[in-house]
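This report describes a few features of one protein structure, for a reader who has not seen it before.

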Amino acid sequence: MLKNELKIFFTALMFYTRIPCPKWVDHSPDYLNKATRYFPLIGWIVGAFCFVIYYLANVLFPIEISIIISMVAGVLITGAFHEDGFADVCDGFGGGWTKEKILIIMKDSRVGAYGVIGLILLFLLKFYLLFQIVLVLNVLDLISQIPILSLFIAANAVSRLAAISIVFTNEYVRDDSESKSKPVAKKNTWKEIFGALFFGLSPVFLLAIFQYQIILILPMVFFVRIYLARYFNKWIGGYTGDCLGATQQICEVVFYLSVIGIWKFI
């Protein structure tokens, strides 16, 4: 039982990151489907890694440079998996006016003007939001870095929960058997749903220990998630792997926006 769960976890780690995994782990479609329960947990790992890089860089460099280095580390550890999906969605939905055209454009490995512009704006917004948040937290708590660590983990976990929850409620629309995300799109059991909810929500409740209003982030993030799911469904009748990547990136940014909004108005 434990060995089976370990294999499922390492399958998720192999699929969603560039972290080396044991040789006995493969891309079995059955395990990839079950690995959805650990997708938000991967957010813990990515968030913690980005925080460590930020913390170490901040020993030598100003906050601005440290955040940029941390963002680079996040792209490297995930292989730009979700950023690539975001760029494809920008190109597909920006340049396509029918389901067939949108899917063709998203399948194209080349990045167009919409994708490039989208990524530039995404990274600029993410950088400035993180800079403002870290600046405030450093003023509020000069000694402990736990709130910043918690925020890094929570943002990555919740945004991944928002993305993977689309798999539980919507239909996968690509027919090609070579799609990397197709195994993930199969029917999920209560184990996948409960696991994703647990690993996705628990960091937010931990963060709420420092400021209980943080709980208000959840309805904001999931409002955007619901909108994106409906938008994808309207235009292509469901979702693709690129749609999940875009949802993760957008919901991560919404998480940071919500933090700043809560601090300003509450």
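## Contacts, a cavity and aromatic pairs

Apart from neighbours within four places in sequence, Thr78 is in contact with Tyr16, Thr17, Arg18, Val46, Glu83 and Arg160. The model is a predicted one. Thr78 is part of helix H4 and is buried, with a relative accessible area of 5%.

Helix H4 also gives the largest share of the lining of the largest cavity, five residues. A search of the whole structure finds one cavity of 30 Å³ or more, and its volume is about 210 Å³. It is lined by 19 residues, of which Cys50, Gly74, Lys126, Asn156 and Glu252 are the closest to its centre. Among the elements that give two or more residues to this lining are helix H3 (39-60) and helix H8 (146-169). By type, the lining has eight nonpolar, seven polar and four charged residues.

The aromatic pairs number 22. Two of them share Phe152 and are set out below.

| Pair | Centre distance | Plane angle | Type |
|---|---|---|---|
| Phe51 and Phe152 | 6.1 Å | 70 degrees | edge-to-face |
| Tyr54 and Phe152 | 6.2 Å | 25 degrees | stacked |

Phe51 in helix H3 and Phe152 in helix H8 are 101 residues apart, so their pair links distant parts of the chain. Tyr54 also lies in helix H3, and its pair with Phe152 in helix H8 ties together parts 98 residues apart in sequence. Relative accessibility is 9% for Phe51, which counts as buried, 4% for Phe152, likewise buried, and 0% for Tyr54, also buried.

Elsewhere, Phe9, Phe10, Trp24, Tyr38, Trp44, Phe198 and Phe199 form one aromatic cluster. The charged end of Lys34 sits over the ring of Tyr31, at 5.9 Å from the ring centre.

How values were computed:
Residues numbered from 1 in each chain as written. Predicted model: local features only at pLDDT ≥ 70, side-chain atom pairs only at ≥ 80, totals over all residues. Heavy atoms only, no water. 1 Å grid on protein atoms, 1.4 Å probe; cavity = no way out; pocket = protein on both sides within 12 Å on 5 of 7 lines; lining within 4 Å. Points joined across faces, edges and corners; volume = space filled by probe spheres on them. Helix = DSSP H or I, 4+ residues; strand = E, 2+ residues; numbered from the N terminus. Nonpolar A, V, L, I, M, F, W, Y, C, P; charged D, E, K, R; others polar. Buried < 20%, exposed > 50% of the residue type's maximum accessible area, 1.4 Å probe, protein only. Contact = heavy atoms within 4.5 Å. Phe/Tyr/Trp six-rings, centres within 6.5 Å; stacked < 30°, edge-to-face > 60°. Lys NZ or Arg CZ within 6 Å of the ring centre and 35° of its normal.
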